[in-house]
Amino acid sequence: MENFDFQASTNILFGKGQVSRLPEVLATYGKKVLITYGGGSIKKNGVYDDVMNVLGKDFELYELSGVEPNPRLTTVEKGVALCREHNIDVILSLGGGSTIDCSKTIAAGTFYEGNPWDLMGNGQLVEKALPIVTILTLAATGSEMNGGAVITNMATKEKLSFGSRLVVPKVSILDPTYTFSVPSYQTLAGSSDILSHLFENYFNQTPNTMVQDGIAEGLMRAVYHYTPIALENPHDYDARANLMWASSLALNGLTGSGKKGAWSCHAIEHELSAYYDITHGIGLAIVTPRWMMHVLNEETAPRFAAFGHRLFDLPLNSESPMETAKQAIQKVYETSKAWGVPMTLGEVGIDDSLLEEMATQAVKHSAISTDGYVPLSVEDVVSIYKQSLTEMTF
Ligand code: NZQ
Ligand code: ZN
């Protein structure tokens with residue numbers, strides 16, 4: 001195991017009705033609140049009304065609405081201007097990863113003299129940030145409990161990220177009933193994203209990390225168990241609660257600390273959403289089994305076989321792990337397909353015209369060519385994209 005520095009400082013207020021604690025939470029930071037949210041789902045499902053009802057007239061409220069899925073730099077810039085103009089004390093972010101990521105970048109950008117885009121890949125430039133409180137409405141990214149943010153620059157077709165401890169949300173309210181209204185497509189995307197965060201850490205070069213891997217397997221099992229239940233009955237409280245908590249724990253450092261390496265599927269997917277504005281989790285679901293097959297070799301087969309044995313009860317034959325490994329990858333692919341995820345790039349509107357360009361950017365924007373579970377060249381990434389154009393056969 002590698003050395004690490006782990007801190008999970010977000011105060012999580014989990015469960016039904018926790019929104020009632022919001023006034024006392026916000027009052028810790030001040031009176032002037034910038035509320036950020038997306039395209040309006042919170043106005044349909046009652047979250048916005050709940051927040052307004054509990055906050056009453058005790059706070060000075062400002063709003064930044066319309067944060068896009070794959071949040072744009074231009075929206076961050078609007079938020080920074082609002083925070084500076086009104087001398088905001090705290091950001092209250094209502095939504096999924098996009099709204100929270102946008103809020104984090106606004107929080108840091110408010111005190112940064114240059115353009116917030118400079119912060120991408122340069123979290124060390126963040127010296128100060130506004131405090132952030134979130135009310136999560138979609139189980140997916142883990143942004144509610146970590147210091148990462150991903151922003152899209154439409155002008156340059158780049159989707160890049162930064163990380164800083166200073167933008168970790170101070171408090172996140174996780175009320176599973178707020179995810180009852182999440183449509184099937186976003187439920188699928190969310191679960192695929194949670195699984196991917198776990199896979200990215202699990203299929204990793206650092207050996208002997210049984211603690212992290214055991215936690216990851218438990219979380220994967222929960223996601224595989226509860227996703228079809230949430231799809232079947234979107235109001236199933238326990239399914240939504242387990243998915244929500246899995247989202248936060250999958251990417252708060254618990255399963256990734258003590259490991260080194262680069263996240264391959266995220267690097268490959270981020271270019272798909274940068275160029276085609278697709279839903280992050282769906283892109284990951286498509287790319288992941290192709291990536292798994294691409295990196296499967298004599299050396300990695302025992303790991304995939306052990307995963308298949310622990311997650312899908314596949315028979316383990318340590319003398320010939322290759323067969324079990326292939327079956328495990330088939331299970332990953334077929335489970336996503338059975339849930340209803342579109343499993344080819346064509347189904348999300350992507351053809352073969354920009355594959356080389358996106359692959360070049362994926363390698364440029366990440367360390368996958370040196371630190372991937374199996375290091376990947378531009379040609380490798382092109383091959384993974386090409387495999388993603390057609391159905392997988394086993
Ligand atoms: O915009 P509204 O109207 O709110 O609708 C949203 C949006 O259309 C809708 N939605 C959210 N909660 C809902 C709901 N609809 C009905 N009921 C609810 N309760 O869902 C759509 C997607 O929302 P979004 O916030 O974009 O989804 P997600 O949470 O998956 O966030 C995706 C973004 O996070 C980044 C992704 O790249 C992408 O930009 N990521 C952030 C990470 C992080 N900060 O740690 C890590 C991830 O790997 C990821 O890269
Ligand atoms: Zn992700």
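**Figure 1. The annotated domain, residues 10–176.** UniProt lists residues 10–176 as "domain: Alcohol dehydrogenase iron-type/glycerol dehydrogenase GldA", in an unreviewed entry. UniProt positions follow the numbering used here, feature names are shortened, and annotations may be inferred rather than shown by experiment. The span is 28% helix and 25% strand, and its end C-alpha atoms lie 17 Å apart. Helices (H or I, at least four residues) and strands (E, at least two) are DSSP runs, numbered from the N terminus. The model is predicted: local features need pLDDT of at least 70, side-chain atom pairs count only at pLDDT 80 or more, and totals for chains, interfaces and linings use all residues. Residues are numbered from 1 along each chain as its sequence is written, chains are lettered from A and ligands numbered from 1 in the order in which they are written, and side-chain values use heavy atoms, with hydrogens and water left out.

**Figure 2. The protein chain as a whole.** The chain has 15 helices and 8 strands. Its C-alpha atoms fill a box of roughly 65 × 40 × 40 Å along the principal axes. Of the 394 residues, 57% count as buried. Buried means under 20% relative accessible area, exposed over 50%, and partly exposed in between (1.4 Å probe, protein chains only).

**Figure 3. The zinc site.** Which residues coordinate the zinc ion (ligand 2)? The donors are Asp193 (OD), His197 (NE2), His266 (NE2) and His280 (NE2), at 2.0 to 2.2 Å. Along the chain they follow the spacing D-x3-H-x68-H-x13-H. Histidine 197 lies in helix H6 (residues 184–202) and histidine 266 in helix H9 (residues 264–276), so this pair ties together parts that are 69 residues apart in sequence. Histidine 197 is buried, at 2% relative accessibility. Histidine 266 is buried too, at 8%. Donors are N, O and S atoms within 2.8 Å of the metal (3.2 Å for Na, K and Ca); water is not among the atoms, so sites may look incomplete.

**Figure 4. A salt bridge between aspartate 277 and arginine 72.** The closest N and O atoms of this pair are 3.4 Å apart. The two residues are 205 residues apart: aspartate 277 sits in the loop between H9 and helix H10 (280–295), arginine 72 in the loop between S3 and H4. Aspartate 277 is partly exposed, at 36% relative accessibility. Arginine 72 is buried, at 14%. A salt bridge is a side-chain nitrogen of Lys or Arg within 4 Å of a carboxyl oxygen of Asp or Glu. The whole structure holds 8 salt bridges.

Figure 5. Lysine 259 and aspartate 213 form a salt bridge, with the closest N and O atoms 2.6 Å apart. Lysine 259 is in the loop between helix H8 (237–250) and H9, and aspartate 213 is in helix H7 (residues 210–232), 46 residues apart. Both residues are buried. A network of salt bridges links Asp213, Lys259 and Arg303.

**Figure 6. Lysine 337 and glutamate 391.** This salt bridge has its closest N and O atoms 3.3 Å apart. Lysine 337 lies in helix H12, and glutamate 391 in the segment after helix H15 (378–387), 54 residues apart. Lysine 337 is partly exposed, with a relative accessible area of 39%. Glutamate 391 is partly exposed as well, at 40%.

**Figure 7. Two asparagines with positive phi.** Most residues other than glycine have a negative phi. Asparagine 70 has a positive phi of about 60°. It is found in the loop between strand S3 (60–64) and helix H4 (73–86). Asparagine 87 has a phi near 55°, and its place is in the loop between H4 and strand S4 (90–95). Is each one buried or exposed? Asparagine 70 is buried, at 8% relative accessibility, whereas asparagine 87 is exposed, at 56%.
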